[in-house]
Amino acid sequence: MSELATILAALALYAAAVISPGPNFTLISRLAMAGARSAAVGAMAGLAIGATVYSVLAMTGLALVVSRLGWLMTAVQIAGGCYLIYLGILMWFGGEGEADPTHAQPQPRPRDAIRGLRVGLLVELSNPKGIAFFVSIYAVAIPIDTSLWAKGVILAGGVSFEIAWYGLLTLLLSSPPVRAVYRCLARWIDRLIGTVLAAFGARLIAERL
């Protein structure tokens with residue numbers, strides 16, 4: 001397999017995983033619809049950083065080592081599930097202020113982006129399926145003898161795609177028509193998204209119990 005074919009195959013798998021619904025998609029959607037664009041951009045950066053961490057771990061072989069430490073994976077997965085359930089409960093009951101990291105502020109402020117980055121990073125890293133995903137990608141699509149430059153292109157391409165996808169999602173869902181619908185149905189939309197996040201968290205925990 002040529003280097004170009006390897007790059008295209010890895011990025012195609014990456015793109016399919018990013019586009020598929022999950023906690024990341026749910027988080028960005030809620031922030032964008034609520035008009036918290038600064039927080040959504042911060043969360044997008046946090047997700048990209050987390051994905052980069054997992055990519056580097058997988059490329060260096062460390063992710064495979066971590067994935068084989070059963071007790072560590074169990075601890076991370078349960079902690080991640082608890083965090084997603086926590087976010088879901090906050091959305092269900094309309095948590096305010098600092099207690100709710102996804103709470104939209106009336107006026108964009110620098111700390112909104114920082115809070116969004118923190119939440120995005122935690123959501124990405126608290127999902128241990130990220131390790132399994134990247135290990136699978138690099139085991140299936142990237143031969144051991146792949147050059148360093150090709151791995152660098154795959155890493156940069158994956159992060160760029162993630163930023164472009166969530167950036168587009170933020171632009172679309174923060175548009176006036178979508179926000180108008182959100183304002184009318186905010187309570188129920190928040191509860192639906194909160195339920196989805198909590199369900200993801202519960203499933204993570206159930207898989208380890």
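Helix H2 (residues 23-33) is mostly covered, with ten of its eleven residues buried; buried means under 20% relative accessible area, exposed over 50%, and partly exposed in between (1.4 Å probe, protein chains only). Helices (H or I, at least four residues) and strands (E, at least two) are DSSP runs, numbered from the N terminus. The structure is a predicted model, in which local features need pLDDT of at least 70 and side-chain atom pairs count only at pLDDT 80 or more, while totals for chains, interfaces and linings use all residues. Residues are numbered from 1 along each chain as its sequence is written, and side-chain values use heavy atoms, with hydrogens and water left out.

The buried residues of H2 include Pro 23, Asn 24, Leu 27, Ile 28, Arg 30 and Leu 31. After H2 comes Gly 35, which has a positive phi, near 85°. Arg 30 forms a salt bridge (a side-chain nitrogen of Lys or Arg within 4 Å of a carboxyl oxygen of Asp or Glu) with Asp 190, and the closest N and O atoms are 3.2 Å apart. Because Arg 30 lies in helix H2 and Asp 190 in helix H9, the pair ties together parts that are 160 residues apart in sequence. Both Arg 30 and Asp 190 are buried. A search of the whole structure finds one salt bridge.

The protein has nine helices and zero strands. Of its 209 residues, 44% are buried. Among contacts (heavy atoms within 4.5 Å) between residues at least 6 apart in sequence, 83% join residues at least 24 apart.

A nonpolar core is a set of buried Ala, Val, Leu, Ile, Met, Phe, Trp, Tyr and Cys residues joined through side-chain atoms within 4.5 Å. The largest such core has 33 residues, of which Ile 28, Leu 31, Val 123 and Tyr 166 touch the most other members. At least two residues of this core are supplied by each of helix H1 (3-19), H2, H3, helix H5 (70-93), H6, helix H8 (148-173) and helix H9 (176-208). H3 gives the most to this core, with eight residues. Apart from this core lies another, of six residues, among them Ile 7, Ile 142, Ala 150 and Ile 154. Leaving aside residues up to four places away in sequence, Val 123 touches Pro 23, Asn 24, Leu 27, Tyr 83, Leu 84 and Leu 87.

Ser 126 is placed in the loop between helix H6 (110-125) and helix H7 (129-141). Ser 126 counts as buried because its relative accessibility is 12%. The C-alpha atoms of Ser 126 and Tyr 83 are separated by 7.7 Å, although these residues are 43 apart along the chain.

The accessible surface of the protein, from the Shrake-Rupley method with a 1.4 Å probe, comes to about 10,400 Å², and 75% of this belongs to carbon and sulfur atoms. Ile 49, Val 53, Leu 117 and Leu 125 make a nonpolar surface patch of about 260 Å². Helix H3 (37-59) and H6 are the elements that give two or more residues to this patch. Patches are made of residues with over 30% relative accessible area and no salt bridge, like charges being joined within 9 Å and nonpolar side chains (Val, Leu, Ile, Met, Phe, Trp, Tyr) within 5 Å. Ile 49 is partly exposed, with a relative accessible area of 38%.
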